[in-house]
Amino acid sequence: MPSETEPGLVRVLPCGERALLVEVADTLTAVALARQFDHLRAAGGPPWSDVHDVVTGERTVLVIAWRLTTMTELRPAIFESVSAARLPVRELGTGGGQTPEIVAPLEIPVVYDGPDLLDVAALTGLSPAQVVDAHTGAEWDVGFTGFAPGFAYLVGGDPRLVVPRRAEPRPRVAAGSVALAGPYSGIYPTDSPGGWQLIGRTEVTLWDLHRDPPAVLRPGMRVRFRNVGGPP
Amino acid sequence: MIRALEVVATGPLALVEDLGRLGYAAVGVGRSGAADRAAYLLAGRLLGEPVGRAAVEVTLGGLVVRARGSLTVVVTGAAAPATVDGRPVGHAAPVHLPDGAVLALGMPPTGLRSYLAVRGGIDLDPVLGSRSSDTLSGIGPAPLRVGQVVPVGEPGAGGPTMDVAPVAAPEGGRVELTLLPGPRLDWLADPRALTATPWTVSGSSDRVGMRLTGPALSRGERWADAELPSEGVVVGGVQVPADGQPIVFLADHPVTGGYPVVAVVRAADVDRAAQCRPGQDVRLRWAVAPR
């Protein structure tokens, strides 16, 4: 099955009868595109009204529809949306201006006393205080989810904070742990195993099944961390 | 009188399932729901119930329940031989359970999952709009346990209008599943290996996925050491992990995955995949020859 390539490095790949996978250049573009798709779903009308889930990946957006018949209309609609969006990558993150509908970032208070803070400092060549400044200094975008319910990959932070995962994952990481891995930051929504570098913790409850939506952090939102303690 | 099912025995695994929860993939929660959706939906239709009431998904029989109050039930999917107070009753045939009657399901001759539906539906608390037990995330009702009293809801208007549905039992021999191209088909060194290989269902299959064993599928040279950025996956997706043994995603599949999905099993065949037993032979074939 050939894949279509659009200028702007967007490919729409087949994914069975009821889904299409839109591949883009990077996470920020995927976030922007997913946001565009969500707007179209909210606006209603075919074929977007038939889309039941939009799943942002690291470099992809998966669009899943109810009906097989939607698929023929969905492919051109995706391309139309891509052209209309003009992929506003530069309007996300800290690199440029903001789209008008963006609300103020959600502030998350963090005590920076994580067990890996010194390792992160060593890996980045920064002091622990500089790590905290870098982490709190930039706004992060909620990119995509995965790994566990409510776990959001935060993107668009300070590029100096790119660190590898820990060689040995921990069997248990406490809910609320604030962590770094690769170019991402994240907050463990529930107690779980985990291999990210833990730099702090927050009291904010990020995942509550009795709430709808259950996750505080949802793709397209923005986050700013605030230092309320540490480093020691 | 409170209507309920009292669990006398559970068999290997008895879970509450309905149509699952849609619209939460963006926060990392998958759909879940009945693994053989067609069998589950048939049960609801036979009882004349509104679509979406929760039922019990019984894996390899063994479930025994006692009726509290007067109940109408039906068993669909894998044809577990059923008895009421020791007397055999029909499969895919609504049956009345007077207060205190004991329904027992034996081992089905073929297939993996039977659905016990009851008029009024299983009435445990919904989580995110669904009573489905998601074995991957742990969201939804816990597996049924012996001694549990499972509440049954109020039946809707209407009721059974058919005595029996003459449906075929799940296949016992070789099962053929039809594929459509997946997003990462080009990662395979030889896509024909998917359909040329006689696969066997692995014992480690579960509601997350049917795992197939056979000669390892190898990646194309270009992708030999590549890491796939994590991306959304769909039910029926055929994922090929590093060991080359494909997994067909079922109801509790993860929302995203970091291994290539090379093909997707046709929606109608996902239900049949969910009925395949460990050790059963599986062949894959393309709906339309790719490329």
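How many residues of chain A are in contact with how many residues of chain B? In this predicted model, 33 residues of chain A are in contact with 29 residues of chain B. Two residues are in contact if their C-beta atoms, placed from the backbone, lie within 7 Å. Residues are numbered from 1 along each chain as its sequence is written, while chains are lettered from A and ligands numbered from 1 in the order in which they are written. Because the model is predicted, local features need pLDDT of at least 70 and side-chain atom pairs count only at pLDDT 80 or more, but totals for chains, interfaces and linings use all residues.

Stay with the side of chain A that touches chain B. Strand 4 of chain A gives the largest share, 5 residues. Helices (H or I, at least four residues) and strands (E, at least two) are DSSP runs, numbered from the N terminus.

Next comes helix 1 of chain A, residues 27-43. Its 17 residues reach 24 Å from first C-alpha to last, close to the 24 Å expected at 1.5 Å a residue. That expected span is 1.5 Å times one less than the number of residues. Of the 17 residues, 12 are buried, including A:Leu33 and A:Phe37. A residue is buried if 20 or more other C-beta atoms, placed from the backbone, lie within 10 Å of its own; it is exposed at 12 or fewer, and partly exposed in between. After the helix comes A:Gly44, with a positive phi near 80 degrees.

Now move to chain B. Strand 10 pairs antiparallel with strand 3 over 4 bridges, and B:Val56 has B:Leu116 as its bridge partner. Another 5 bridges join strand 10 to strand 5, again antiparallel. Two strands pair if DSSP finds at least two bridges between them.

Chain B also holds an open, antiparallel sheet of 6 strands, in the order 7-6-9-4-1-11. Strands 7 and 11 stand at the edges with a single partner strand each, so one side of each has no neighbour in the sheet. Within this chain, strands 4 and 9 pair over 3 bridges, and B:Arg66 stands opposite B:Val102.
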